[in-house]
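This briefing covers how parts of one protein chain pack together. Look through the sequence and the structure below before reading on.

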Amino acid sequence: MTEALPGDLLRDLTPQVVAVVTRRCGDFDAAEDAVQEALVEAVRTWPERGVPENARGWLIATAMHRLIDAKRSESRRRDREQADHLAEPEGQETYGGDDSLDVLLLCCHPSLTPASAVALTLRAVGGLTTREIASAYLVPEKTMAQRISRAKATIKGRSLGIDGAADLAARIPAMMKVLYLLFNEGYVATEGDQLQRVDLCAEAIRLTRLARSALARMTGSAHGELGGLLALMLLLDARRPARIDAHGAVVPLADQDRSLWRHEATREGVALVDAVIGTGRPGTYQIQAAIAALHNRAPTAEATDWLQITALYGLLEKVAPGPIVTLNKAVAVGYADGPGPALALLDELLRDCAQNGADGFADHPRVPAVRAHLLELAGDLDGAAAAYDLASMRATNLAERRFLTSKAAALRDARC
């Protein structure tokens, strides 16, 4: 036995063990449940007994024993013989691809809804229990268990492994979307009284690193868009220490103390951006990472290169058009060209959405928040306060709601 804490080791081993057990029993659902039981047993016993020399083999053997116990229908003698046969090869399992990537791609299968894919990924690849995932998303454990069960039922019968380069290429976009959604939920929590959930951001970054290295081993080359996604996560997460003040209040980007930013993460993110940009046609994550890099490179908010950021949002509109992209572009235009052109762009966006049957976008909480910010830049403090009030009513995160309410109050105080 070796003395070590099991947390990081268990997360690294989880997808490998799930893959081996799935291949042995031919049932991902049953295998994933058995591995979860093995993980619980490891967390219970390893701190006292120490981590086994072959931790991977221990988890495989324990999971297989759980499977046998769950499906026992033969005599005790035959159970023992089967258990001995299934549990024998610690460290001897062979496979053609990369276990971690195989399991991650299966959990991010395009047939799953994004919410189900995120939950299943956290369990089967991240090694989190259903209770931990439910806690992270502020839902009852029973609700999360049902979501995971539905996800496993959806992919039931689908095998691990990739059927050639075309199959791999088809699955990667869904995988990146799931990792992006996972990070975003940690960066700005949908609900609750905290702006960010550090554990979800950290897990998204870990899984993206894992996917990037596994994909490089499988294909022999780096994936530019996946590198862009990792860079984006690192650059945004680098600002985490300055996003909340000592009292738990939200601090907007322009007011953040940049000396608090995690500069090692910024350096890694910027280096990744420099490495992937120009290696091919830029994708949405690469462009977003380039925008984030311009913010992180600026020593002060005033030194931000808003002209270049505006140009990058223009490129992003061509690569991945959507109202949120144009909304973000309006903010950049507000700094580059002034609030007047930015407000005109915002109004044009809302007219286009209404004409295209997407008038519900006007109810998005960020729309009045952006309008409020632009009106504030234009000196219309009354209009800005009213827009901040509207944004606050629509916000679902309590930390954001408090921030928006305080902005409205501060503008009204400034008028007195």
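In this predicted model, helix α11 (residues 224-237) and helix α12 (residues 263-276) have axes that come within 8 Å and cross at roughly 155 degrees. Angles over 145 degrees count as roughly antiparallel, and α11 and α12 are therefore roughly antiparallel to each other.

- The crossing in which α11 passes α12 is left-handed.
- On the α11 side, the contact is made by G224, G227, G228, L230, A231, L234 and L235.
- On the α12 side, A265, T266, E268, G269, V270, L272, V273 and V276 make the contact.
- By type, the residues of this contact between α11 and α12 are nine nonpolar, five polar and one charged.
- Two packed helices are described by the angle between their axes and the distance between the axes.

**Nonpolar cores**
- The largest nonpolar core has 92 residues, and L59, Y137 and M175 are those with the most contacts inside it.
- Apart from neighbours within four places in sequence, Y137 is in contact with V118, L122, M144, L182, E185, R197 and L200.
- A second, separate core has 31 residues, including L195, L346, A387 and L411.
- In soluble globular proteins, nonpolar side chains tend to be buried together.

**Helix α5**
- In helix α5 (residues 99-107), nine of the nine residues are buried, so α5 is largely enclosed by the rest of the structure.
- These buried residues of α5 are D99, S100, L101, D102, V103, L104, L105, L106 and C107.

Methods: Residues numbered from 1 in each chain as written. Predicted model: local features only at pLDDT ≥ 70, side-chain atom pairs only at ≥ 80, totals over all residues. Heavy atoms only, no water. Axes fitted to C-alpha atoms, helices over the stretch in contact; angles between N-to-C directions. Helix = DSSP H or I, 4+ residues; strand = E, 2+ residues; numbered from the N terminus. Parallel < 35°, antiparallel > 145°, perpendicular 65-115°, else oblique. Left-handed = near helix turned anticlockwise from the far one by under 90°. Contact = heavy atoms within 4.5 Å. Nonpolar A, V, L, I, M, F, W, Y, C, P; charged D, E, K, R; others polar. Core = buried A, V, L, I, M, F, W, Y, C linked by side-chain atoms within 4.5 Å. Buried < 20%, exposed > 50% of the residue type's maximum accessible area, 1.4 Å probe, protein only.
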